[in-house]
Amino acid sequence: MDVKRWEIPPEALRIRYNADQLPFKSTEELSPLDEVIGQQRAVRAMDFGLHIQDRGYNVYVSGSPGTGKSTIVKTMVGRVAETEVTPDDWCYVYDFQDPDRPKALRLPAGKGRELQRDIDRLIASLKEEFPKVFQSKEYEVQRRQLEENFTKARDSLTGELEERAKERGFLVSSTRLGIVVVPLYRGKPMEAEQLEALEPEVRAEIQRKEKGLHEQIHAFVQQVRALREEVNRKIEELNRRVAHYTSEHLFEQVLATYREFPKIIEYIQVVEQDMLERFKDFLPESESQLPFAGLELEPPRASMTRYQVNVVVDNGAVRGAPLVEEVNPTYNNLIGRIEKKSRFGTLYTDFTLIKAGSILQANGGYLLLNALDVLRNSFAWEALKRVIKNQCVKIEDIGELYGLSASAGIKPEPIPVNLRVILIGNPFLYALLYEYDEDFGKIFKVKVDFDVRQPRTEAGTLSYARFIARLCREERLLHFDRSGVAAVLEQTIRWTDHQQKLSLQFSKVADLVREASFWAGRDGRALVSAEHVRTAIREKLYRSNLIEEYIRELIAEGTLMVDVAGGVVGQVNGLSVHDLGDFAFGRPSRITARVFLGQEGIVDIEREAKLSGKIHSKAVMILSGYLGGRYAGETPLSLSATLCFEQSYGEVEGDSASTAELAALLSSLSDLPIRQELAVTGSVNQRGDVQAIGGVNEKIEGFYNVCKVIGLTGGQGVIIPRQNARHLMLTEEVVEAVAAGRFHVYAVSTVDEALELLTGRPAGERQSDGSYPEGSVNAAVLVRLREMGEKLRALEPGERRLLALRVAEEENGQSQERPGGR
């Protein structure tokens, strides 16, 4: 039998770049790349998302890690942002009507800091001017005149009161405790003992006169208070007149600066009225003295912070629209926070402690967020959605917002926002959000999908070389010669698992360039060549493949049982891939099949032991469909069979072993041995077509490495699906082994072709009468199935039940024994 028709020639196992055909000698000659490589779909979608102005068209950037999506997005957004109008500043100021609700003021970019400085200068000027004018001689004269007038009027009233008291026989005196009335006896104040010694009638007369005098004293106190209030009013008028005269020109200067902004004018006028009422706060100390205790109390001095301006968003230094990337999107970092300070062990806050979050900093521009980081932070995702839907930011203490704090704080006025949010994440997260978050599709209407590979073209090849040139210049790496660039390109093909594609995972490309430059520098070379790139690849492999070498060692010493020579009935070498994150490798696994009388069909031991994934269980069920369609067209399929991955102690998942499982099953049915020097990979459908699988390069190399350790015989090889031929990018070592005839790679389209390679016999085409040619694999299978059917039908019903019970007991025994074999 000629197997050459299935063998893949060495030149088809790997794509090689002809370095001499590259239009440069080294990357030093090339201009650096300043364009996006191979992401036309993403660039077009991003351009749409940046320029459409309707609500809800925020952007979700989807793609695998390492495709450069963050860098590309920031570059595109930055270019658009530079052409847009710079948004306004936002400030918080004190609300004199409602102190717990600070007001938000909007000013053109840069004006916020100017207003803050103007108000600070105004406060400083008033602190300097008010003490001067209120301590001046002119002011003291006017105020003293008012106080003297009050004193004269009070003294006049006091004299009248004292005269009337004398006429009634009393002495009136003022003390700290109030006005004291003392009876007179012969012109002298009476002692308490003297008063007690008087006749009751005399004491009663004195008390009657004293009562009448108290009414006059009450009237006197009312008159004095009225005089005091009048004087205070006149002093207040004097103070306001003097304060207004002193501050008028200062406020006029500020008002003239902001005459185009009605809200600011209104705020400054309110500040002026409050400053005139509280002018004493600008004086070094109080000068008020009370003539009578208890008539007036000086109010506590207000803090100057009430007049300050808290600039929460300053776009004075921004050119164009802001581009903000929040790397730690917590609730406070997104929305903002209200900070607190401690005074004498008590926490307090005010409007000057309000801090804006990244949403306000990006207001009028663009906000870049990592989707997974947002979802990991409590309350952040809901807060972000609330802002996008309501188009405003309400800065609140998170404890008060969710009822975690009993204390009530300030509630700043919400600030309207208009920005474009750009989420960067992976495709899986996009699908989850779209499916389970009802708001997501309404507020993120633009999806920007980044590809991981592009077609292999001459233009793409040159773009890669220019990318390497730019990286070498930016990071001061050694430049690459043509062979080095060709080796990098070949490795990018390997990463895509497709001979006509180039990888767009530029983070991996950049790492390879850096590592190759390192090895070239250690070798003392001025340029990086292909050998240095291969060295970098080998060294990275050596740093990562400890587990692969350990498994290979176990196979070589016989601990893990794998045969790579001879022939065995019902036994085949399957291939699997182990993915360790940064490194994946293939390895052979022994798959066995046993067939016996019964009607249970195919029993998957992995499934019975709950070690089978859903896809693998489906693949085994497909085998039943294939057997029924191929061999049970006229009579029922009567068999019991078991399939097992030997020495497998973890979950088996995937359908890439279904061709190997079917081959083992048919070998057991036909009693034809399978060549153990071959390994098989590929899924199969019910019609017997072999289908493509993943990880084909790792699987071939894994089996080759095992054969090399045990010993290459020249007959060893791997059978793969024909559709996978275009995915081959094997290592140079494997390609050389194939070229030398020490190893082989076969591509098949059907199970029959695989059987011919594995058994060395023709599979056999079905003839018109339903039979197969004598000596073919299918003929042997059909004969065996008919024999088993006849034997089963010859058994009595009781014997059938006993046979089924015995088979069930054997299967349960196998399932219970397998964990102990570990």
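Which residue stands opposite valine 61 in strand 16? Isoleucine 424 does. The close-ups below start there.

The model is predicted: local features need pLDDT of at least 70, side-chain atom pairs count only at pLDDT 80 or more, and totals for chains, interfaces and linings use all residues. Residues are numbered from 1 along each chain as its sequence is written, and side-chain values use heavy atoms, with hydrogens and water left out.

**View 1**
Strand 16 covers residues 420–425. Helices (H or I, at least four residues) and strands (E, at least two) are DSSP runs, numbered from the N terminus. Six of its six residues are buried, so strand 16 is largely enclosed by the rest of the structure. Buried means under 20% relative accessible area, exposed means over 50%, and partly exposed lies in between (1.4 Å probe, protein chains only). Arg420, Ile422 and Ile424 cover one side, and Val421, Leu423 and Gly425 the other. Strand 1 (residues 59–62) runs parallel to strand 16, with four bridges. Strands count as paired if DSSP finds at least two bridges between them. Strand 13 (residues 366–370) is also parallel to strand 16, joined by five bridges. Isoleucine 424 is the bridge partner of asparagine 370, and it stands opposite valine 61.

**View 2**
Strand 22 (residues 584–596) pairs with strand 24 in the antiparallel sense over six bridges. There, serine 640 is the bridge partner of phenylalanine 596. Strand 23 (residues 601–604) runs parallel to strand 24, and four bridges join them. Leucine 643 of strand 24 stands opposite aspartate 604.

Side chains of opposite charge can pair when their charged atoms come close. A salt bridge here is a side-chain nitrogen of Lys or Arg within 4 Å of a carboxyl oxygen of Asp or Glu. The whole structure has 40 of them. Lysine 385 meets glutamate 382 at 3.5 Å, N to O. The two residues are three apart in helix 11 (residues 380–390), which means about one helical turn separates them. Lysine 385 is buried at 5% relative accessible area, while glutamate 382 is partly exposed at 41%. Lysine 385 also forms a salt bridge with aspartate 437, with the closest N and O atoms 3.0 Å apart. This pair links distant parts of the chain: lysine 385 is in helix 11, and aspartate 437 is in the loop between helix 13 (427–436) and helix 14 (440–443), 52 residues apart. Both lysine 385 and aspartate 437 are buried.

Lysine 447 and aspartate 449 form a salt bridge, the closest N and O atoms being 3.5 Å apart. Both are partly exposed: lysine 447 at 34% relative accessibility, aspartate 449 at 30%.

A pair of aromatic rings is described by the distance of the centres and the angle of the planes. Rings of Phe, Tyr and Trp (its six-membered ring) pair if their centres lie within 6.5 Å; planes under 30 degrees apart are stacked, over 60 edge-to-face, and the rest tilted. The structure holds 25 such pairs. In one, phenylalanine 467 and phenylalanine 506 are tilted, 4.8 Å centre to centre with 55° between the planes. Phenylalanine 467 lies in helix 15 (residues 458–474) and phenylalanine 506 in helix 17 (residues 506–522), so the pair ties together parts 39 residues apart in sequence. Phenylalanine 467 is buried at 8% relative accessibility, and phenylalanine 506 is buried at 12%. One aromatic cluster is formed by Tyr94, Phe96, Phe130, Phe134, Tyr139, Phe279, Phe282, Tyr307 and Phe351.

**View 1. Arginine 228 over a ring.**
The charged end of arginine 228 sits over the ring of phenylalanine 150, 4.5 Å from the ring centre. The criterion is NZ of Lys or CZ of Arg within 6 Å of the ring centre and within 35 degrees of the ring normal.
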